[in-house]
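Below are my notes on the model, in numbered points. Please read them next to the coordinates.

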Amino acid sequence: MSTGIIILIVVAVIALWLISIYNGLVKLRNNRENAFANIDVQLKQRYDLVPQLVATVKGYAAHEKELLEKITQARTAAMSATTTNEKIEADNQLSSALAGLKVSVEAYPDLKANQNFMQLQTELADIENKLASVRRFFNSATKELNNAVQTFPSNLIAGMFGFHKEPMFEVAAEERAAVEKAPQISF
């Protein structure tokens with residue numbers, strides 16, 4: 001074998017290796033985008049359900065106007081968000097507003113007995129559980145992409161083609177203290 005053929009084989013192997021790394025990074029990025037699209041589907045269901053829930057609660061809790069307006073504003077902001085990071089921030093605000101609604105509902109025993117409200121609450125709980133699941137999948141996909149972007153040798157290819165570390169779906173900073181505190185249960 002001549003030296004030229006050996007060099008050609010080595011170059012071909014290196015090229016295939018680089019292509020393989022690049023394609024792996026593209027697959028990981030697409031997996032992350034797909035995972036966020038799944039979050040979007042659940043958020044859309046949540047956004048569609050929130051006005052029904054708010055309307056039901058309004059009938060019982062007219063004086064909770066500020067809270068209901070906050071939920072409506074958070075829903076509107078979430079629906080108008082365009083980037084992944086904006087959507088994550090807006091969803092955190094909506095989650096916080098809905099948590100306030102759950103606390104407020106405790107003051108209305110008749111509302112808790114209302115069939116429409118109970119059905120909406122059950123649906124919302126189901127959507128929240130599905131959201132938690134798809135968020136975990138999104139974070140898993142993000143972790144895989146970030147690992148590939150930050151580890152050698154794929155980090156060399158990632159840097160050349162504009163791949164970078166992506167943010168996880170995390171609890172908003174203003175909710176962090178509440179989440180880390182043990183819940184208080186009273187009877």
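1. Arg46 lies in helix H1, which spans residues 3-60; helices here are DSSP runs of H or I with at least four residues, and strands are runs of E with at least two, numbered from the N terminus. This is a predicted model, in which local features need pLDDT of at least 70 and side-chain atom pairs count only at pLDDT 80 or more, while totals for chains, interfaces and linings use all residues. Residues are numbered from 1 along each chain as its sequence is written, and side-chain values use heavy atoms, with hydrogens and water left out.

2. Is Arg46 buried or exposed? Arg46 counts as buried because its relative accessibility is 0%, the cut-offs being under 20% for buried, over 50% for exposed and partly exposed in between, with a 1.4 Å probe and protein chains only.

3. The side chains of Arg46 and Asp91 are joined by a polar contact of 2.2 Å. Setting aside residues up to four places away in sequence, Arg46 also touches residues including Leu94, Leu124, Glu128 and Arg135; contact means heavy atoms within 4.5 Å.

4. The chain has 7 helices and 0 strands. Of its 187 residues, 34% are buried. Among contacts with a separation of 6 or more, 78% link residues 24 or more positions apart.

5. On confidence (pLDDT, scored per residue from 0 to 100), the chain averages 81, and 78% of the residues score at least 70. The mean is highest in helix H6 (residues 154-160), at 92, and lowest in helix H4 (residues 109-113), at 57. Where pLDDT is low, predicted coordinates should not be read in detail.

Notes:
pLDDT = per-residue confidence, 0-100. Polar contact = N/O pair within 3.5 Å; in protein donor to acceptor, adjacent residues only side chain to side chain.
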